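Open the model in your viewer and keep the selection panel at hand.

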Amino acid sequence: WLNFLNFLRGLLVDFAVFVSGVLHVVQSLGPFLLALLITLVAFMQMFFTVFQQTSYCNGFDTEKTFVDTCDPENSEPYRFCSRWRAMLSVYTMLLGEVDESDFQTSRAATLFFIVFVF
């Protein structure tokens, strides 16, 4: 595919400008995505640590399989009790889906949520 694109870039000037523009956008997007990933991992770790210190994770079974822990019917109250589920929850919070009742158990969690939103 790359050879074919280079061939077309040599033949069509308009297509060459388009491909160069796309490559510039993709290269510029890399540092932003890296910063976003670092921010998401940092907030995931903060929420995971805070909720481990509260009664929120009482009854969470760490021995369940991946499929069992990702079942929204059975494990929704334990959104921040494993690192994987915490990462998924932080990502969905980034997209706008937030359940404010999760943050009523801890003032630190409420503070981190407010900082995350801004």
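**Confidence first**

This is a predicted model. Colour it by pLDDT: the chain averages 79, and 84% of the residues score at least 70. Select helix α3, residues 66-69; among the elements of the chain, α3 has the lowest mean pLDDT, 49. Where pLDDT is low, the predicted coordinates should not be read in detail. Now switch to α2, which has the highest mean pLDDT, 89.

**The α2–α5 crossing**

Show α2 (residues 13-52) together with α5 (residues 83-95). How do the two helices meet? Their axes come within 9 Å and cross at roughly 120°. The two helices are therefore oblique to each other. The crossing of α2 past α5 is right-handed.

On α2, select Leu-36, Leu-37, Leu-40, Val-41, Phe-43, Met-44, Gln-45, Phe-47 and Phe-48. On α5, select Arg-83, Ala-86, Met-87, Val-90, Tyr-91, Met-93 and Leu-94. Colour these residues by type: 14 are nonpolar, one is polar and one is charged.

**Last stop: Ser-89**

Stay on α5 and pick Ser-89, which lies in this helix. Is Ser-89 buried or exposed? Its relative accessibility is 4%, so Ser-89 counts as buried; the cut-off for buried is under 20%. Which residues does Ser-89 touch, leaving aside its neighbours within four places in sequence? Display Arg-79 and Phe-80: Ser-89 is in contact with both.

Notes:
Residues are numbered from 1 along each chain as its sequence is written. This is a predicted model: local features need pLDDT of at least 70, side-chain atom pairs count only at pLDDT 80 or more; totals for chains, interfaces and linings use all residues. Side-chain values use heavy atoms; hydrogens and water are left out. Axes are lines fitted to C-alpha atoms, for helices over the stretch in contact, and angles run from 0 to 180 degrees between N-to-C directions. Helices (H or I, at least four residues) and strands (E, at least two) are DSSP runs, numbered from the N terminus. Angles under 35 degrees count as roughly parallel, over 145 as roughly antiparallel, 65 to 115 as roughly perpendicular and the rest as oblique. A crossing is left-handed if the near helix is turned anticlockwise from the far one by less than a right angle, and right-handed if clockwise. Contact means heavy atoms within 4.5 Å. Ala, Val, Leu, Ile, Met, Phe, Trp, Tyr, Cys and Pro count as nonpolar, Asp, Glu, Lys and Arg as charged, and the others, Gly among them, as polar. pLDDT is the predictor's confidence in each residue, from 0 to 100. Buried means under 20% relative accessible area, exposed over 50%, partly exposed in between (1.4 Å probe, protein chains only).
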